[in-house]
Amino acid sequence: MSLEPVPILRVGNNLLVSLQGDLDDKTILHLEGQITQAISKTTARGLLIDVSGLLVVDSFIARVIARIVGMTRLLGSEAVGVGHQPAVAITVVERGVDMTQIHTALDAERGMQLLAHLHEPNFHGGFRGAE
(Lines give C-alpha, C1' and ligand atoms only; values in the text may rest on other atoms or scores of the structure.)
Protein backbone atom coordinates (compact mmCIF):
# COMPACT_ATOMS: atom_id res chain seq x y z
CA MET A 1 0.00 0.00 0.00
CA SER A 2 1.32 3.45 -0.83
CA LEU A 3 1.68 6.13 1.79
CA GLU A 4 -1.73 7.74 1.32
CA PRO A 5 -3.18 10.02 3.97
CA VAL A 6 -5.88 8.48 6.13
CA PRO A 7 -8.78 10.92 6.58
CA ILE A 8 -9.21 12.29 10.09
CA LEU A 9 -12.72 13.66 10.46
CA ARG A 10 -13.97 16.07 13.10
CA VAL A 11 -17.29 15.10 14.71
CA GLY A 12 -18.22 17.67 17.34
CA ASN A 13 -15.44 17.71 19.95
CA ASN A 14 -14.03 14.42 18.68
CA LEU A 15 -11.91 13.13 15.84
CA LEU A 16 -12.82 10.01 13.89
CA VAL A 17 -10.24 7.82 12.14
CA SER A 18 -11.47 4.85 10.12
CA LEU A 19 -8.68 2.44 9.23
CA GLN A 20 -9.26 0.55 5.99
CA GLY A 21 -7.61 -2.19 3.94
CA ASP A 22 -4.15 -3.55 4.54
CA LEU A 23 -2.02 -0.91 6.27
CA ASP A 24 1.73 -1.24 6.03
CA ASP A 25 4.14 -0.18 8.78
CA LYS A 26 5.04 3.15 7.11
CA THR A 27 1.41 4.14 6.76
CA ILE A 28 0.48 3.38 10.38
CA LEU A 29 3.55 5.26 11.64
CA HIS A 30 2.68 8.24 9.43
CA LEU A 31 -0.88 8.10 10.75
CA GLU A 32 0.44 8.26 14.30
CA GLY A 33 1.97 11.66 13.51
CA GLN A 34 -1.13 12.83 11.65
CA ILE A 35 -3.39 11.99 14.59
CA THR A 36 -1.25 13.68 17.25
CA GLN A 37 -0.95 16.80 15.09
CA ALA A 38 -4.71 16.85 14.49
CA ILE A 39 -5.49 16.52 18.21
CA SER A 40 -3.07 19.32 19.03
CA LYS A 41 -4.34 21.58 16.25
CA THR A 42 -8.07 21.05 16.87
CA THR A 43 -7.93 20.58 20.66
CA ALA A 44 -10.26 17.62 20.19
CA ARG A 45 -11.45 16.08 23.43
CA GLY A 46 -11.75 12.57 22.01
CA LEU A 47 -10.51 10.21 19.32
CA LEU A 48 -12.52 7.34 17.88
CA ILE A 49 -10.39 4.74 16.09
CA ASP A 50 -12.50 2.42 13.91
CA VAL A 51 -10.59 -0.72 12.94
CA SER A 52 -13.53 -2.59 11.40
CA GLY A 53 -12.21 -1.99 7.87
CA LEU A 54 -8.75 -3.41 8.49
CA LEU A 55 -7.99 -6.67 6.73
CA VAL A 56 -5.18 -7.54 9.14
CA VAL A 57 -4.12 -6.24 12.53
CA ASP A 58 -0.69 -7.62 13.34
CA SER A 59 1.11 -7.07 16.63
CA PHE A 60 3.00 -4.03 15.26
CA ILE A 61 -0.20 -2.25 14.22
CA ALA A 62 -1.82 -3.13 17.56
CA ARG A 63 1.19 -1.71 19.44
CA VAL A 64 1.11 1.50 17.39
CA ILE A 65 -2.62 1.89 18.08
CA ALA A 66 -1.92 1.43 21.80
CA ARG A 67 0.84 4.04 21.51
CA ILE A 68 -1.55 6.44 19.74
CA VAL A 69 -3.96 6.05 22.67
CA GLY A 70 -1.16 6.92 25.11
CA MET A 71 -0.17 9.98 23.08
CA THR A 72 -3.81 11.03 22.85
CA ARG A 73 -4.08 10.98 26.63
CA LEU A 74 -0.87 12.98 27.02
CA LEU A 75 -2.46 15.61 24.77
CA GLY A 76 -5.50 15.82 27.08
CA SER A 77 -7.93 13.71 25.06
CA GLU A 78 -9.47 10.27 25.43
CA ALA A 79 -9.50 7.52 22.82
CA VAL A 80 -11.92 4.70 22.08
CA GLY A 81 -11.31 1.80 19.71
CA VAL A 82 -14.26 0.29 17.88
CA GLY A 83 -14.96 -2.42 15.34
CA HIS A 84 -12.61 -5.09 16.64
CA GLN A 85 -13.36 -8.35 14.88
CA PRO A 86 -13.13 -11.60 16.90
CA ALA A 87 -10.12 -12.85 14.92
CA VAL A 88 -8.29 -9.59 15.57
CA ALA A 89 -9.04 -9.76 19.30
CA ILE A 90 -7.72 -13.31 19.44
CA THR A 91 -4.54 -12.42 17.54
CA VAL A 92 -3.79 -9.37 19.68
CA VAL A 93 -4.27 -11.31 22.92
CA GLU A 94 -2.28 -14.33 21.68
CA ARG A 95 0.65 -12.08 20.74
CA GLY A 96 0.66 -10.48 24.16
CA VAL A 97 -0.04 -6.89 23.08
CA ASP A 98 -1.18 -4.87 26.10
CA MET A 99 -4.46 -3.25 25.14
CA THR A 100 -5.78 -2.85 28.69
CA GLN A 101 -5.54 0.95 28.61
CA ILE A 102 -7.73 1.25 25.51
CA HIS A 103 -11.43 1.91 25.99
CA THR A 104 -13.43 -0.15 23.51
CA ALA A 105 -16.95 -0.32 22.16
CA LEU A 106 -18.65 -2.56 19.61
CA ASP A 107 -19.35 0.11 17.01
CA ALA A 108 -18.93 3.80 16.21
CA GLU A 109 -22.28 4.83 17.72
CA ARG A 110 -21.45 3.22 21.05
CA GLY A 111 -17.92 4.54 20.82
CA MET A 112 -19.20 8.11 20.50
CA GLN A 113 -21.50 7.52 23.49
CA LEU A 114 -18.52 6.29 25.49
CA LEU A 115 -16.47 9.35 24.50
CA ALA A 116 -19.34 11.56 25.68
CA HIS A 117 -19.27 9.78 29.06
CA LEU A 118 -15.50 10.07 29.26
CA HIS A 119 -15.85 13.85 28.79
CA GLU A 120 -18.10 14.11 31.85
CA PRO A 121 -16.25 15.81 34.73
CA ASN A 122 -17.19 13.18 37.33
CA PHE A 123 -16.62 10.13 35.15
CA HIS A 124 -13.98 7.77 36.55
CA GLY A 125 -14.32 4.71 34.33
CA GLY A 126 -16.46 1.64 34.48
CA PHE A 127 -18.68 2.20 31.45
CA ARG A 128 -17.33 0.08 28.59
CA GLY A 129 -19.85 1.19 25.96
CA ALA A 130 -20.47 -2.35 24.75
CA GLU A 131 -23.69 -3.04 26.64
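Predicted model: local features only at pLDDT ≥ 70, side-chain atom pairs only at ≥ 80, totals over all residues.
Me: In which sense do S1 and S2 pair, parallel or antiparallel?
Reply: Strand S1 (residues 8-11) and strand S2 (residues 14-21) pair in the antiparallel sense over four bridges; pairing requires that DSSP finds at least two bridges between the strands. Val11 stands opposite Asn14 in S2. The two strands form a hairpin with two residues between them, and Gly12 in the turn has a positive phi of about 65 degrees.

Me: And S2 with S3, parallel or antiparallel?
Reply: S2 and strand S3 (residues 46-54) pair in the parallel sense over seven bridges, and Gly21 has Leu54 in S3 as its bridge partner. The chain passes from S2 through helix H1 (residues 25-42) to S3 in a right-handed β-α-β crossover. Right-handed means that, with the strands pointing away from the viewer, the path from the first strand over the helix to the second runs clockwise.

Me: Which strands does S4 pair with?
Reply: S4 pairs with S3 in the parallel sense over five bridges, and Leu47 stands opposite Ala79 in S4. S4 also pairs with S5 in the parallel sense, over three bridges, and the bridge partner of Val80 in S5 is His103. The crossover from S4 through H3 to S5 is a right-handed β-α-β. S3, H2 and S4 likewise make a right-handed β-α-β unit.

Me: Is S4 mostly covered or uncovered?
Reply: Strand S4 (residues 78-82) is mostly covered, with four of its five residues buried. Buried means under 20% relative accessible area, exposed over 50%, and partly exposed in between, with a 1.4 Å probe and protein chains only. Of the 131 residues in the protein, 40% are buried.

Me: Which residues touch the most other members of the largest nonpolar core?
Reply: Leu19, Leu47 and Ile49 do so, in a core of 27 residues. A nonpolar core is a set of buried Ala, Val, Leu, Ile, Met, Phe, Trp, Tyr and Cys residues joined through side-chain atoms within 4.5 Å. S2, H1, S3, helix H2 (59-74) and H3 each supply at least two residues of this core, and the largest share, six residues, comes from H2. Apart from this core lies another, of eight residues, among them Leu48, Val82, Ala105 and Leu115.

Me: What does Leu19 touch?
Reply: Setting aside neighbours within four places in sequence, Leu19 is in contact with residues including Val6, Ile28, Leu31, Ile49 and Ile65. Contact here means heavy atoms within 4.5 Å.

Me: Moving on to Glu32, is this residue buried or exposed?
Reply: Glu32, found in helix H1, counts as buried because its relative accessibility is 10%. The side chain of Glu32 makes a polar contact with the side chain of Arg67 at 2.6 Å. A polar contact is a pair of N or O atoms within 3.5 Å; within protein, one must be able to donate a hydrogen and the other to accept it, and residues adjacent in sequence count only if both atoms are side-chain atoms. Not counting residues up to four places away in sequence, Glu32 touches Val64, Arg67, Ile68 and Met71.

Me: What about Thr43, buried or exposed?
Reply: Thr43 is exposed, with a relative accessible area of 59%. Thr43 sits in the loop between H1 and S3, and its phi is near 50 degrees, a positive value in a residue other than glycine.

Me: Lastly, where is Ile102?
Reply: Ile102 lies in the loop between helix H3 (86-94) and strand S5 (103-105). Ile102 counts as buried, at 6% relative accessibility. The C-alpha atoms of Ile102 and Val80 are separated by 6.4 Å, with the two residues 22 apart along the chain.

Notes:
Residues numbered from 1 in each chain as written. Heavy atoms only, no water.
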